[in-house]
Structures are given as structure tokens and as C-alpha cells.
Amino acid sequence: MSQPQYRTPKGTHDVLPEDHQYMTYIKKAVRHRCRQAGYKRIDTPLFEQKDIFERGIGEHTDIVEKELFLVSSKQKADDEPEFALRPEFTAGICRSYIEHGMQQLPQPVELYAIGQCFRHDRPQKGRYRQFHQFNLEVIGLKDPSIDAQLIHVLTKVFSDLKILDRLTMQINNIGTAENRIAFVEALKDFFIGKEHSLPELDRERLQENPLRVLDSKEEDTQILLKSAPTLEQFLDEESKLYHATLLEYLDALGVVYETNPSLVRGLDYYTQTVFEFWDSETKGQNAVGGGGRYDGLIELLGGKSTPGIGFAGGMERTIWHMKQAGVQAPNKDQVDVFVAQLGSEAKKTCLKLISDLREKGVHTLGALGEASLKSQMRLADKFEVRYALLLGKMEVKNSTIILRDMAAGKQKEIPLAKAIPTVIDLLGGAESLDTYTLKDQFVEIDED
Ligand code: HAM
């Protein structure tokens, strides 16, 4: 029988160490900018009740209709609800806001999350079944200045990652739910008698989620849409004023944007402000991130009417842009020193030496097997270390150690007791090493 050859499931991938350097870099930028702006981190479960996504994102959106991964268990009781892997964070975070009574906290509540999402989409470049998002939400207050501030934080993150100049921020206001109901009616009326000219997919969309027809990629549909009513014509005065004020605030903050009246987004919960960060070259294809206001979502999920706005960026697409831009994520996994030894006494001494070097923040590896010194040195070469320390039987006897500069190919014998300070000096001093200290003082909690 042939051996099975297991692979990652279609549309998923292993995040290998090289890519983790980028992931860590992005997470750090997001964390840093979020903390500066008062956001706190939240994690919600990878799966939630399916109903939350159906109600929140919308039953007739692609994400819910076609792309949900259902989660079941062999022990599922008949009366247990159905679960689905999260295709995004917003609905789950709003569920959490309601469940934990966060409306009692000072508003707005600013939360951020980083993690995996799942959509059973057709895999292609930049589109995966498991991907990572960084996600920001501001819940509990509504004002154009809040929208502007959120967008500003995002431009800071993209600027820190050195890809802001590859992106164009598209922005629109899609009005209130009432505005959209009126517009959808007008759109449906417009297409009466013209259905036969629409490709089948758009004919279905017209029935189930007419707004989706607006961002159809079909040429026939786009031609018809040129003479169709526009959403802009149905916006109420409040939405228009809201949008104009938001644009003024963005100008004041120096945020560059393009207004785009046909930007609608693929999730049903949006009201008024919507925006996306597009690749300046490929435009709407593979947006790096998108978001908007969702003033009806919390009520829809069973909470008190509470406004909110948020954004999610795709980590894989962000990494792709960073690589295209030639951004090198810092490699913190580099090994500094390799310790080689021969003989049982030497091994004992080296175990302690390796541990002490690591404690000082020197990235240290040691060959603790029985291999010859020569093959240990070959290993040191493969790890591309800067220095090697060699301890043989003679050195143990003399309390010395051999220090080898790998690049220069030079070595010298030094006292064993001097090995650690010498290596630290050569690596640029204690400040440049990888030490971790808990900076914050523990606060004594008064039990009374
Ligand atoms: P979204 O536009 O569906 O919005 O997704 C945001 C970003 O996630 C996309 O722009 C893209 O970068 C990434 N993304 C989405 N699907 C995939 C995929 N299949 N493969 C790779 N990357 C993908 C949301 O998810 C909203 N929850 C954003 C939001 C937060 N709105 C308000 N708050």
C-alpha cells in the first residue's frame, strides 16, 4: 500500500517562519497604532452561532450564502444551534459587545482583533479559504470625526508598513437603510423588461440583493447601469452632510482619498460611510482592506440601537504588497553563537554556557550530540552564526575556550570565564541583545 501524502487543504497554507516575520511586523504595527489611539485587544471564538453571521452579514451575501464553513460535532444534540467558522470579525465582536454589557463602559468602545477568518471561496491569487485579518471597531458613538480618526489610524498602519503609496483609499456614503430601500425599489423598477439583457448571475442578484448588481464585473450589466438610477440620487440630506464633513476632516488630517459613488461593499450591515484600500494598479481587484459604518447591526443582533464603524485588512494581501515594495521584515530568528563541544566534561560545561548566553539575550545553539568537532563546525556554518565557541578536552583542562569568528575564519583561545562578556562585546554590547523584561510594576491590589 502506498504511503498517504498529506497536504494543506485547498485554499489554506502553512505560515512558514519566513512569512511569520512579516506577520509579526504587521501585528506590531497594528498593536502600536491601536494602543496609541486607545484601542484594546479582543479575541472572539473562531466559530459562532451561524445565525449571527446570517443576520449580521446578510443571508443573501456571497459570504453567507456560499462561503460559510459549517462546524459540527459527532455529539451535537438536536436542539443545539448550528455553528460556522467566522468569515470576519465584526458580527462576533458586536455579539461580544452586547453579551458583556459593554454599553456600560465609556463610549466609544474601541477594539481590535487579529486572527484567522474562513471563507469557502474559489481559491485564487490573494483569495484563500483561511486567511488572516487585522480588524478595528469603534462602537457606541457616531460622528464624522470618529470615521475620520479610524481611517487616519489605518493610513498610519499602512504607512508604517511602507505600502501606503501603493494604495488608493476609495470612499463613499451609501445612505441610511431607508435611503437604500427606496433606491433598491427604483433599481428594480429600472430593470423591469431588461432582465433578459442581464447575465444569469446578475438576474439572481437583482432578485436577492440588488445592490450587488452595482459592482458587477459583467460588461452588459455595466452598460445598462450607465442609465440606471444612482444611489447618490437617493441619499438624504443628513447623509450628504455627514459625508461632506467627513471629507473635510480627512483633508484636515492630510488623508488622501478618492470619492467613489459606486463603492457599495459586499456585506449587508453597512450604513452611510464605506471605504476600501485598493491596489492603485489593479483597482477593485483584491482590496487590501475595507470597512464602514454599521449603525443597525447591534440592534439586529439583539442589543440596544448602537452605532459602530470598523475596518478589516487582509494580512496575506498586505504581506504581498510589502514584498512587492521590497520591504524586508526584520529577521529576529538569526542565531548569534554556536557552541561546539567534545567529551562528557565539555558537554556539561557547554550546557551551562549555552543557558547563560541565552539568559543574557544571545541567540545560542549548541550541538550536544556525539559528532566530531569538524561536523559540528559544518553545522555552525549552515546556521550562518557569527561566532562559534569550541570546547574540547584540552580546553576543559586549561579552563579556556576557542572563540571563532566564522566570517573571518579566525580563531583564538580565551579564558572560559571571559567567554560570555567577550561574545556580548563582539555582538555590539548588552543593549543590542534580545532580552525581555517585564517593564511594568505589579500593582498591589487592595483587597478591601
Ligand atoms: P471584507 O471586505 O469582507 O470586510 O474583508 C476585509 C479584507 O479581508 C479584504 O479587503 C481582504 O484584504 C481580506 N480578505 C477577505 N476575504 C479574503 C480571502 N478569501 N482571502 C484573503 N483575504 C481576504 C470585512 O471582513 C468586514 N468585517 C470589515 C469591517 C470591519 N467592516 C466593519 N468593521
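User: Starting with glycine 310, is that residue buried or exposed?
Analyst: In this predicted model, glycine 310 is buried, because its relative accessible area is 4% and a residue counts as buried under 20%.

User: Where does glycine 310 sit?
Analyst: Glycine 310 belongs to strand S11, which covers residues 308-314.

User: And which residues is glycine 310 in contact with, leaving aside its neighbours within four places in sequence?
Analyst: With those neighbours set aside, glycine 310 is in contact with Leu136, Glu137, Leu150, Phe275, Gly291, Gly292 and Tyr294. As for valine 274, the C-alpha atoms of glycine 310 and valine 274 are 9.5 Å apart in space, while the two residues are 36 residues apart in sequence.

User: What sheet is S11 part of, and what is the strand order?
Analyst: S11 is one of eight strands in an open sheet, whose order is S1-S5-S6-S11-S10-S9-S7-S8 and whose pairing is mixed. At the edges are strand S1 (40-41) and strand S8 (258-259), each of which pairs on one side only.

User: How many bridges do S5 and S6 have?
Analyst: Strand S5 (residues 109-118) and strand S6 (residues 130-139) are paired in the antiparallel sense over ten bridges. To follow one of these pairings on the structure, take phenylalanine 118, whose bridge partner in S6 is glutamine 130.

User: Which helices lie on that sheet?
Analyst: Helix H1 lies across S1, S5 and S6, and runs at about 165° to S5. Helix H10 (residues 237-253) also packs on the sheet, where it touches S7, S8, S9 and S10, and its direction makes about 155° with that of S7.

User: Let's go to S9. Why is it described as largely enclosed?
Analyst: Strand S9 (residues 273-279) is largely enclosed by the rest of the structure because seven of its seven residues are buried.

User: Which way do the S9 residues point?
Analyst: In a regular strand the side chains alternate between the two faces of the sheet. In S9, Thr273, Phe275, Phe277 and Asp279 point one way, Val274, Glu276 and Trp278 point the other way, and all of them are buried.

User: What does S9 pair with?
Analyst: S9 pairs with strand S7 (residues 167-173) in the antiparallel sense over seven bridges, and with strand S10 (residues 289-293), again antiparallel, over four bridges.

User: Switching topic: how do H1 and H12 pack?
Analyst: Helix H1 (residues 17-36) and H12 pack at an angle of about 105°, and their axes are 10 Å apart. The two helices are therefore roughly perpendicular to each other.

User: Which residues make that contact?
Analyst: From H1 the contact is made by Asp19, Tyr22, Met23, Tyr25, Ile26 and Lys27, and from H12 by Met315, Glu316, Thr318, Ile319, Met322 and Lys323. Sorted by class, the contact of H1 with H12 has seven nonpolar, one polar and four charged residues.

User: How many residues of H12 are buried, and which ones?
Analyst: Helix H12 (residues 315-324) is mostly covered, with seven of its ten residues buried, and these are Met315, Glu316, Arg317, Thr318, Ile319, His321 and Met322. Just after H12 comes glycine 326, which takes a positive phi of about 75°.

User: What about the sheet with S2 in it?
Analyst: That is an open sheet of three strands in the order S2-S4-S3, and the pairing in it is antiparallel. Its edge strands are strand S2 (47-49) and strand S3 (70-71), each pairing on one side only. S2 is joined by three bridges to strand S4 (residues 83-85), and in S4 alanine 84 is the bridge partner of glutamate 48. Helix H2 (residues 50-57) packs on this sheet and touches S2, S3 and S4, with a direction that makes about 75° with that of S2.

User: Where is serine 216, and is it buried or exposed?
Analyst: Serine 216 is in the loop between helix H8 (211-214) and helix H9 (219-225), and it is buried, with a relative accessible area of 4%. Apart from its neighbours within four places in sequence, serine 216 is in contact with Asp202, Arg205, Thr221 and Gln222.

User: Last one: which domains does the chain have?
Analyst: The domain assignment gives domain 1 (17-176 + 236-324) and domain 2 (337-432), and the centres of domain 1 and domain 2, taken over C-alpha atoms, are separated by 49 Å.

Definitions and conventions
Residues are numbered from 1 along each chain as its sequence is written. This is a predicted model: local features need pLDDT of at least 70, side-chain atom pairs count only at pLDDT 80 or more; totals for chains, interfaces and linings use all residues. Side-chain values use heavy atoms; hydrogens and water are left out. Buried means under 20% relative accessible area, exposed over 50%, partly exposed in between (1.4 Å probe, protein chains only). Two strands pair if DSSP finds at least two bridges between them. Domain bounds come from an automatic or database domain assignment. Contact means heavy atoms within 4.5 Å. Axes are lines fitted to C-alpha atoms, for helices over the stretch in contact, and angles run from 0 to 180 degrees between N-to-C directions. Angles under 35 degrees count as roughly parallel, over 145 as roughly antiparallel, 65 to 115 as roughly perpendicular and the rest as oblique. Ala, Val, Leu, Ile, Met, Phe, Trp, Tyr, Cys and Pro count as nonpolar, Asp, Glu, Lys and Arg as charged, and the others, Gly among them, as polar.
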